[in-house]
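The sequence and the structure come before the text.

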Amino acid sequence: MKNFMYKSGMLALFAGVLLTSCDPEIDGTAPSKGDINLEKYVAVGNSLTAGYQDRGLYREAQLNSYPAILAQQFKLVGGGEFTQPLFEESQASGSGYLTFADFINGRPVIKPVPGAAVREGTTLPGGPALTKYTQPVQNLGVPGISVLTSAMKEYGAINPYYERLLEPAEVGTKPYFQEVAESNPTFFTMWLGNNDVLGYATDGGAPASPLSNLTDPAMFGNIYKNMVATLTANDAKGVLITIPNVTAVPFFTTVPYNALALTRQGQADSLNAAYGSGALGITFKVGPNPLVVSDPSVPARVRQIKSTEYVLLTALDSIAARGYGSKKPLPDKFFLDETEVKEIMEHTVAFNDIIRATAKDKGLAMWDANAFFESIKGGFKLDEVTYAPVFVTGNLFSLDGIHPTPRGYAIVANELIKTINSTYKANVPTVDVTQYRAIQFPGK
Amino acid sequence: MKSRILALLGGTLLSASAMAGGYQVNLASQRQIGMGHTGTGIQTGTSSIFFNPGAMSYLQENGVTIGASALVSKIAYRALEPGTAEAEVDNPVKTPFQVYAVYGINDKLKAGIGVYTPFGSTVRWGDEWPGRFGLNELSLQAIFVQPTLSYQITDKLGVGAGLVLAFGSVNLQKTLPVQGQNGQEGKIELDGGANTAFGFNAGIFFKPSDKLSLGLNYRSEVKMELENGDVTFSNIPAAASGNFQPGTQFSASLPMPATLSFGVGFTPTERLTLAADISRVSWSAYERLQFDFTKPVAGNTSSVNERNYEDAFIYRIGAEYMVTDALALRGGAYLDKTPVQDGYLTPETPDADSRGLSVGLGYTISDNISLDASFLYINKKERTDLANKSNGIGGTFKSIAYIPGVGLNFSF
């Protein structure tokens, strides 16, 4: 019996040692770059390309930009180095950004973090100047830039994000268009044109600057096609990206038109009295009511907002804490009226038509970001996490309600990789998006 | 009470890993594991309590059997193409066990009791893999106690039935998609013991000749009900704490499905026994996994995930050859079809059609002591699933297991 026990014991031990070394393995398809040359990838675009989020550009945001994620994945199939105009670690807060400080009465309290890369004493029309980064870069994302302004040589003296990339002699003399033309990529992405509608939209259709008006589609098409022509001059391949509808982002969808909640009849009575007891066509009742907005085009100069109009995220505090939208009408810059919405939609459609046609014309890949964001309006589930274009809790959008979180950018990068793979017969690996953060909540 | 019984029976002994279809664990006898876990249509000794109570009446002597297996299971994960994220479980070695005792009241009537672990699952993916919001780890434990009577109606026909008392517990941990400014992600842990549940195990054994035997066995469904289980949250940032309240409790239920088996035994020579079984497991009882909470968790008072298992068959063959009067060599194989439909794969039971190969040996030391040793290798088919219907984790999963075991038989 002892012998049997010893033998079977040894056998079990032997089997154990043998077998722990036999782990199950799953073979994937080999990564490949397909028909493209990824030696020099250049990213052309605006804030989305720069990695901008939480209403600022800062080091962590830059490190998680979709071009940085793409370049990292390109390296797995032989892609080259990728340089971004990173803020130094000592100036990591970059331009400054918003942080989530508290959550009170269901409303996030958001506070600014000051920018450490601000150049003291120099202020441009577009904001304080930022620490220079004049070595050649491949992430040419310039927050705020539009197709229109990309052709203006003066723009370097206006936009601090562009100014920081330029040598002093180039400021005010070198248009972004030329910077792009000199980048000489073997592969590129171009996500430009958002600001040809977005500036107008975020200003509530009352642009604060002439540069944030709606761009004329003919001019847009002219500049856009020329820029793509310079990028493809050396037979470079790339991806053109369409412009999502502004109504797909939380900045325009967080505050509902009927955000005026009245809980007591007394509140309704007093508001009814304040607005002429119905004489102005404005009435209030207990429950949700349309906000009161100022509109110089109607005789009373005030009216209630329509369900087809959009209140901006920036109005949230004014409505919740300062009585706007009820006793005080909400100013024009805080909402998009029907006419403005229509204009924005029409321009978005026209610009996207140009982008699609250019991609087709040049034989380039096209990622339809507009279709993508349209398709996820109702949210989606990925690896048991729910994502939706919902402010703070939707995991996709940062605290400014327009730009993605690192997780959101990673999802964008994966969509781009899928587009690249299918267009160029490549097999670039996607990333594990759960390794990128969403909104981080305050408090221990 | 039920949790005390579990504690008395010895914590880690209780659980097994999901290494059969779904979360069924077919490791009921060391001799039978060696024979591909056949046993419905042959006399298996005291373990007939499990395999076919109808055959128990044929036992010539009183006997006690104790046995246990060491279950080493490994599961690999790879993200859906073109993703390349990989993960592998770090499952603890589990020890499913069995104890059977049979006493002859008279020549025809035998009484017995069995304690065994026919269901369970332990998977530990950890809190870093891409599917952590689906599962960090799950430990599902069930122990069945089965007092049984068996009566030999004629030389050729025996019947038997036992009452099953089932005790169980579950512990499930996952990461919550809420992150603090320190970068830590929240976690939820569900922990609870099941109410004592009941079922039965009945069988008919028919031996038309010396060389041929047949058996039919039905093990009923046992429904595990959990009430007042504890929900514990950790690493929840203060700003999100309203969504995850302390003192939350949960209830849930999980079916341990019925199994109907038919088996044939054939002994062409005195030294050789051949056996074949076919089982139908009524997995369709497992429609959804639902947790109901006493306070809303992230705004929901329940979490419902569709499972929609389908009934599945298991096909088994096995053989035993007596090399000498004392030494038996065994071998067997089986195919265990998965109950998990496409679109419903989950990281708790990343199931696929399962192939089992086994070897075993038996050694008789004296008139009343014998030993069994078994070794079972399980290889599940690599399976890629979008998991889009179960709200699971899409990807490719591959499972294998190595299960050595030993058993000791006394007869008197």
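The text below covers chain B as a whole, then its backbone, then chain A.

**Chain B overall**

The model is predicted. In chain B, the secondary structure amounts to 4 helices and 23 strands. The radius of gyration of chain B is 22 Å, close to the 22 Å that the globule rule gives for 412 residues, so chain B is as compact as a globular protein of that length. Taken along the principal axes, the box filled by the C-alpha atoms of chain B is roughly 75 × 45 × 35 Å.

Of the 412 residues in chain B, 56% are buried. When contacts in chain B between residues at least 6 apart in sequence are considered, 69% of them join residues at least 24 apart. The accessible surface of chain B is about 15,500 Å², and carbon and sulfur atoms account for 57% of that surface.

**Backbone features**

Most residues other than glycine have a negative phi, and most peptide bonds are trans.

| Residue | Phi | Relative accessible area |
|---|---|---|
| A:D235 | near 65 degrees | 67%, exposed |
| B:H37 | near 60 degrees | 5%, buried |

A:D235 sits in the loop of chain A between helix 9 (217-231) and strand 8 (237-241). With a relative accessible area of 67%, A:D235 counts as exposed because the cut-off for that class is over 50%. B:H37 is found in the loop of chain B between helix 2 (30-34) and helix 3 (48-51). B:H37 has a relative accessible area of 5% and counts as buried because the limit is under 20%.

Where does the cis peptide bond from B:E81 to B:P82 lie in chain B? The bond has an omega near 0 degrees, and B:P82 belongs to the loop between strand 2 (72-78) and strand 3 (86-88) of chain B.

**Domains of chain A**

Chain A is divided into domain 1, made up of 41-247 and 338-435, and domain 2, which covers 260-336. Between the C-alpha centres of domain 1 and domain 2 of chain A there are 35 Å. Their contact involves 16 residues from domain 1 of chain A and 14 residues from domain 2 of chain A.

How values were computed. Residues numbered from 1 in each chain as written. Chains lettered and ligands numbered in written order. Predicted model: local features only at pLDDT ≥ 70, side-chain atom pairs only at ≥ 80, totals over all residues. Heavy atoms only, no water. Helix = DSSP H or I, 4+ residues; strand = E, 2+ residues; numbered from the N terminus. Rg over C-alpha atoms; globule rule 2.2 N^0.38 Å. Buried < 20%, exposed > 50% of the residue type's maximum accessible area, 1.4 Å probe, protein only. Contact = heavy atoms within 4.5 Å. Areas by Shrake-Rupley, 256 points an atom, 1.4 Å probe, with all protein chains shown as cover. Domains from an automatic or database assignment.
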